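Thanks for coming. I will go through the spaces inside this model and then the packing around them.

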Amino acid sequence: MTKSRDSLEDPAAASEADQSPSPVVDPRAADVEMARVLRTEPLRMALDPSGGAIAHWKHEPLHDVVEPMTHHVIMAYNGSVQRMERRSGRSIAIGTFRPEVVIIIPEGSSSRWDIPKPVDVVQLYLPHATLERVADEADTAAPIALLERTAHPDSVTSRLLLSAADVLEGNETLDALFRQQLTDLLATRVLAAHTGSPTTIQPVRGGLSPKTLLRAIERLRSDSDADVSLAALASDAGLSRFHFCRAFKDSTGLSPHAWLRQYRLEQAMNMLRDTDASVVSVAAALGYASQTAFAAAFRKLTGETPSDWRRRTR
């Protein structure tokens, strides 16, 4: 049996060697398997039509086997520093959970986890089809084989994933667009840093043509029932999702999600300043699930509650 300790090699990461997944006939969906092994419900879970999801979990110490899943699972840790042990086949990896490390469980793999303290973690459930799509759109020809990672240093991936727990703001349209962007961005990062043959993804230069940009902005400005998914925006532009996001940001300085969030904020300000509509009505008109969700989003961007902002500007 092989055994590696992160204190002997990299003080922040465990060994990634000797991966030997256990055979299982019917892998479970990641959210189902995580609910089983963690014996709790997530604090928040946001599902995506692609079959992926982002979930925020707080769970008790874990001493169990995570069985094979139908998704790649990428995790960012947000708790107190602690040692843990992960057994995969004949290998043992001993790592240190701390902020700015990631954990990756490749699709179909299995391992036993021994984590002695409670855990706060945000997880991305990434379908392999999504990874293949992003690789194809980014023109990377390398084979896609994700590495098993145990408390592996990667501040970029960690910060991106942890941001999901804070940015979701109770607006179905905005939240869906954010998840789509974040998933594609994380898939790009995983391809670049966590495969058997890491790939260099060339930056895309050049924005959208004026006509194409106007069409995208018109769709984003549509009413709350319009399809403003990345797939719809990219299709209108005749581009892949990967290239559309980068071209849109090159043209506007903002991602599609950030642009739409700013536009919705301007709409809210106009309604609060120029009409007598209640805060509840403004929230509903802009697609927020509740006045509380709208007020939290508004305050995050302005530093004031909608009511305080209205009083000040009037």
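A cavity here is a set of points, on a 1 Å grid over the protein atoms alone, where a 1.4 Å probe fits but cannot get out; a pocket is an open set with protein on both sides within 12 Å along at least five of seven lines, and lining residues have an atom within 4 Å of a point. Grid points are joined across faces, edges and corners, and a volume is the space filled by probe spheres set on the points. By this rule there are five cavities of 30 Å³ or more.

Two words on provenance. The model is predicted, with local features needing pLDDT of at least 70 and side-chain atom pairs pLDDT 80 or more, while totals for chains, interfaces and linings use all residues. Residues are numbered from 1 along each chain as its sequence is written, and side-chain values use heavy atoms, with hydrogens and water left out.

The largest cavity holds about 120 Å³. Of its 14 lining residues, His59, Leu62, Met75, Ile115 and Gln123 lie nearest the centre. Strand E10 (119-126) is among the elements giving two or more residues to this lining, and its three residues are the largest share. Helices (H or I, at least four residues) and strands (E, at least two) are DSSP runs, numbered from the N terminus. The lining has 12 nonpolar, two polar and no charged residues, where Ala, Val, Leu, Ile, Met, Phe, Trp, Tyr, Cys and Pro count as nonpolar, Asp, Glu, Lys and Arg as charged, and the others, Gly among them, as polar.

The second largest cavity has about 60 Å³. Helices H8 and H10 each supply at least two of its lining residues; Tyr288, Phe294 and Phe298 are among the residues that line this cavity.

Now the open space. Which residues lie nearest the centre of the largest pocket? They are Gln181, Leu182, Leu185, Lys249 and Ser255, out of 20 lining residues. The pocket holds about 430 Å³, and H4 contributes the largest share of its lining, six residues. By class, that lining has 10 nonpolar, five polar and five charged residues.
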